[in-house]
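Hello,

Here is the structure I promised to pass on. Please open it first; my notes follow below.

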Amino acid sequence: WDQDDDMGNSLPLEGGRWGLNGSRNVNALGFVPVNYDHSKGDTDDPSYGFRWSGKFGDVGYTLNYYHTLNDNPVVNSAFSGLPGVFAYGDAPTSAFGEFIFPEIDILGGSLNAYSRKLDVVFRGELAYTLDKPYNVGYAGSSSLTAFETGVLMLPAGSLPAGSLGIIEKDTARIMIGLDKTNLQTMRLLGTSQPSFLTFQLFDTWLPDFEDSEQLVNGSSKLHEHSVTGSVALGLNYKFDTVQPGAAFIYDFTNGGGAFVPSLNLIYGDHWRVKFTGTVYYQSDHTCGAADPTCTNSFGVFDDSDQVDVRVTYQF
């Protein structure tokens with residue numbers, strides 16, 4: 001029932017302030033349009049699934065299945081008829097290719113359990129995607145360079161990442177986390193009540209990963225394991241009317257991360273004012289357009305630090 005462009009994640013493909021490093025101020029849709037009616041990903045096809053939840057002793061669990069479209073678009077290359085390029089369904093009609101949202105199937109489940117001894121909630125999630133699509137050829141990779149210089153007779157770096165078509169790979173996304181909802185900070189930090197601490201560790205794992213395939217994650221090199229961790233702390237002062245917080249995120253695979261401080265002010269029953277800052281940092285090497293590590297994850301937001309203010313009136 002939604003419009004075609006309501007499907008998937010809203011990526012800054014037109015450029016702008018949230019355009020990624022290496023493509024900022026570039027309107028990618030000007031030469032790589034979106035095809036919402038591709039044979040492998042038609043947005044008119046329905047998404048469907050099921051979810052079963054229950055408890056086994058003190059452990060809560062869910063089992064899930066979902067058939068839908070890939071959350072992020074991939075590029076169906078217009079060079080699929082040339083050697084070294086992986087064809088994927090219908091060939092695009094545009095000169096460079098087209099963005100498509102292929103259909104996928106996701107199997108998964110979750111667990112959660114409370115430990116009275118530690119006074120924490122442990123959580124775990126698994127989402128296993130069958131035949132998840134990935135583009136081929138990251139910036140500076142040998143396969144993309146050989147295609148540019150040897151097949152098209154162009155200078156190296158002439159084509160964007162992912163120009164060598166699409167390969168499907170089973171993908172497992174794993175999360176483990178814990179929540180401490182009763183952190184005693186009244187004496188140490190002077191809070192008006194116990195504070196909230198949460199921690200998550202994420203791993204995206206490709207079981208049959210082969211480095212020689214030179215798969216692309218967005219615009220950068222994809223790894224067999226991509227591990228990211230986050231920790232967040234929420235505090236309360238002045239009878240819960242002043243709520244500072246902070247979150248810290250780190251990419252263990254590629255380096256870099258983000259620091260996100262915040263302050264939420266509550267005025268009476270209706271007014272809320274929230275200040276949030278986001279500071280991105282990257283690994284200690286030079287960031288360049290042809291650097292497959294720096295353009296991954298948080299490196300794509302280098303020099304994009306921001307502060308925002310949100311004012312809410314609750315009726």
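Start at the surface. Tyr 267, Trp 271, Phe 275, Val 309, Val 311, Tyr 313 and Phe 315 make up a nonpolar patch there, and their accessible area together is about 830 Å². Bear in mind that this is a predicted model.

Strand 16 (271–281) and strand 17 (306–313) each provide at least two residues of the patch. Strand 17 contributes the most, with three residues. Val 311 sits in strand 17. Its relative accessibility is 53%, so Val 311 counts as exposed, the cut-off being over 50%.

Now the opposite case. Lys 169 belongs to strand 9 (residues 166–183). Is Lys 169 buried or exposed? Lys 169 counts as buried, because its relative accessibility is 4% and buried means under 20%. The Lys 169 side chain has a polar contact, at 2.8 Å, with the side chain of Glu 213. Beyond its neighbours within four places in sequence, Lys 169 also touches other residues, including Thr 129, Asp 131, Tyr 134, Leu 206 and Leu 215.

Last, helix 1. This helix covers residues 142–151, and Leu 144, Phe 147 and Glu 148 are buried in it. These three span an arc of only 95 degrees around the axis, so they lie on the same side of helix 1. The general rule is that an α-helix has 3.6 residues a turn, so residues three or four places apart point the same way. Just after helix 1 comes Met 153, with a positive phi of about 60 degrees.

Best wishes

Note on methods
Residues numbered from 1 in each chain as written. Predicted model: local features only at pLDDT ≥ 70, side-chain atom pairs only at ≥ 80, totals over all residues. Heavy atoms only, no water. Buried < 20%, exposed > 50% of the residue type's maximum accessible area, 1.4 Å probe, protein only. Helix = DSSP H or I, 4+ residues; strand = E, 2+ residues; numbered from the N terminus. Arc of directions from axis to C-beta. Polar contact = N/O pair within 3.5 Å; in protein donor to acceptor, adjacent residues only side chain to side chain. Contact = heavy atoms within 4.5 Å. Patch = residues over 30% accessible without salt bridge, like charges linked within 9 Å, V, L, I, M, F, W, Y side chains within 5 Å. Areas by Shrake-Rupley, 256 points an atom, 1.4 Å probe, with all protein chains shown as cover. Salt bridge = Lys/Arg side-chain N within 4 Å of Asp/Glu carboxyl O.
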